[in-house]
Amino acid sequence: NTLNKISDILYNQTSNILLIQDYNDTDICTLKKNIRSIQDMRMKEKWLELLIKHDRGVPDLLEKSWIHFIYGYNNDEILSINELELQELLKNIIQNLTREDLNLYNGLVGLGLVLIRLSENSNLEWQ
């Protein structure tokens, strides 16, 4: 009974956080991993419906890359990178380079690290 009450509170708080969009893609990635580990199918479906209701869409390449580097984007999903998209992204960033463009989170460092890791592991799928 206590476990159900805690679960309900957690669900309601998570729903509120998703509603006011007070989260980032790392939070969503972590939440998805935790939802996948739920054994009770009814509870799992309830949590999945919550995610679907508040889905912001697919993150851009820079967001995907650092999340993939740290957490593995969507678990076992292979990060697919379009060479033309990558070239255009780098060209635009380099032309107006700022300090923020060099950080791990949503920057070139995160993208560079994930490209190195994926090329070593051959998990990188070029389009």
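Trainee: Why is K46 called partly exposed in this predicted model?

Mentor: K46 has 33% relative accessibility. Partly exposed lies between under 20% for buried and over 50% for exposed. So K46 counts as partly exposed.

Trainee: What makes D8 and K46 a salt bridge?

Mentor: Their side chains meet at 3.8 Å, N to O. The cut-off is within 4 Å, from a Lys or Arg nitrogen to an Asp or Glu carboxyl oxygen. Therefore the pair qualifies. The pair links distant parts of the chain. D8 is in helix α1, K46 is in helix α3 (residues 41-53), and they are 38 residues apart.

Trainee: Why can such side chains pair at all?

Mentor: Opposite charges can pair when the charged atoms come close.

Trainee: How many salt bridges does a search of the whole structure find?

Mentor: The search finds 1.

Trainee: Is D8 called buried, exposed or partly exposed, and why?

Mentor: D8 has 40% relative accessibility. Buried needs under 20%, exposed over 50%. So D8 is partly exposed.

Trainee: Which elements have the highest and the lowest mean pLDDT?

Mentor: Helix α1 (residues 2-19) has the highest, 89. Strand β2 (residues 125-126) has the lowest, 56. The chain averages 77, and 78% of the residues score at least 70.

Conventions. Residues are numbered from 1 along each chain as its sequence is written. This is a predicted model: local features need pLDDT of at least 70, side-chain atom pairs count only at pLDDT 80 or more; totals for chains, interfaces and linings use all residues. Side-chain values use heavy atoms; hydrogens and water are left out. pLDDT is the predictor's confidence in each residue, from 0 to 100. Helices (H or I, at least four residues) and strands (E, at least two) are DSSP runs, numbered from the N terminus. Buried means under 20% relative accessible area, exposed over 50%, partly exposed in between (1.4 Å probe, protein chains only).
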